[in-house]
Amino acid sequence: MTGRLEGKVAFITGIARGQGRSHAIRLASEGADIVGLDICAPVDDVPYDPATPEDLAETVRLVEETGRRIIAEQADVRDAEALGALAQRGVDELGGIDVVAANAGICIPATWDATTPRIWANHMDINVTGVWNTVMATAPHLIQRGGGSIIITSSYAGKKMQPWMIHYTTSKHALVGMTRGFASELGRHNIRVNSVHPGGVNTPMGSGDMINALQRASAGTEALSTMGTPFLPKWVAEPEEISAVVAFLASDETPWITAEHISVDGGQQHF
Ligand SMILES: NC(=O)c1ccc[n+]([C@@H]2O[C@H](COP(=O)([O-])OP(=O)(O)OC[C@H]3O[C@@H](n4cnc5c(N)ncnc54)[C@H](O)[C@@H]3O)[C@@H](O)[C@H]2O)c1
């Protein structure tokens, strides 16, 4: 599949691995050049393995294998100045920005009474303010291009609650409001803003001590674990299944879709 995003430049956060890497490869394979970043370092209290600079280098290799260009930097979405500088670099070297995928995020299982101020603050700073920083750094460049598409990665936890992570659920619900707000004000610039809501996805977010952390948090309230049961006959999506929806929203095939919240969860949000 080539061509649907020919001539476009996509700015993506959290590209070292997982869904961000998959989005970069998919958008590049459809013709987009990529500007991306990843923290490539541990975040306090996160129980799964951190992404590394080697992961980021592998994403660069995989995107270049598609024949497209990529600018990739190690940066933190909490650092608005770094995001602004990278967006400007993308414009200077690749000609502009048309598509934004605000994908970077963290997820730390913890019951309500085990959630520390630091866990709460990191979810707000990365999952909410980090997405706001990403849109703020890039939207002026989309306006410059005469329009574009912004895709914000929320979660099924942004539509219903996900047990044992009030902080994560709160952060992902906040992105629904942010999507609607940006869509309403950026619409006059021909910029569409939508959120995607994956259910479980097979990424390194499930690595390290994540499964044990979830099991520890669920002790005593195991009945809640049936929430989020998919209707379809598997439990998790592959990252490429989310990327297909991101590519669709990034493309000119969806000129009349904005302020929408698209679930890619096998029906999980309904259970
Ligand atoms: N995996 C799932 O089951 C699932 C389900 C629903 C939603 N999501 C969301 O999808 C998005 C992608 O997650 P994933 O599954 O690919 O997990 P992942 O951990 O493999 O990828 C997330 C990437 O974001 C990067 N990152 C984290 N904090 C950052 C920061 N402060 N600055 C820059 N980069 C940062 C990480 O280093 C990592 O490479 C996240 O927003 C996550 O909340 C994941």
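1. Secondary structure. The protein chain of this predicted model carries seven helices and seven strands. Both are DSSP runs, numbered from the N terminus: helices are H or I with at least four residues, strands are E with at least two. In sequence order the pattern reads β-α-β-α-β-α-β-α-β-α-β-α-α-β.

2. Basis of the numbers. This is a predicted model, where local features need pLDDT of at least 70, side-chain atom pairs count only at pLDDT 80 or more, and totals for chains, interfaces and linings use all residues. Residues are numbered from 1 along each chain as its sequence is written, and side-chain values use heavy atoms, with hydrogens and water left out.

3. Overall dimensions. The radius of gyration of the protein chain is 18 Å, which agrees with the value near 18 Å for a compact globule of 271 residues. That radius is taken over C-alpha atoms, and the globule rule is 2.2 Å times the number of residues to the power 0.38. The C-alpha trace spans about 55 × 35 × 35 Å along its principal axes.

4. Of the 271 residues, 54% are buried. Buried means under 20% relative accessible area, exposed over 50%, partly exposed in between (1.4 Å probe, protein chains only). Among contacts with a separation of 6 or more, 79% join residues 24 or more positions apart. A contact means heavy atoms within 4.5 Å.

5. Cysteines. The structure has zero disulfides, a disulfide being a pair of cysteine sulfur atoms within 2.5 Å. For C40, the closest cysteine sulfur is that of C107, 19 Å away, so a bond is ruled out by distance. C40 is buried, at 5% relative accessibility. C107 is buried too, at 4%.

6. T169 counts as buried because its relative accessibility is 10%. Leaving aside residues up to four places away in sequence, T169 touches A157, K160, M161 and Q162.
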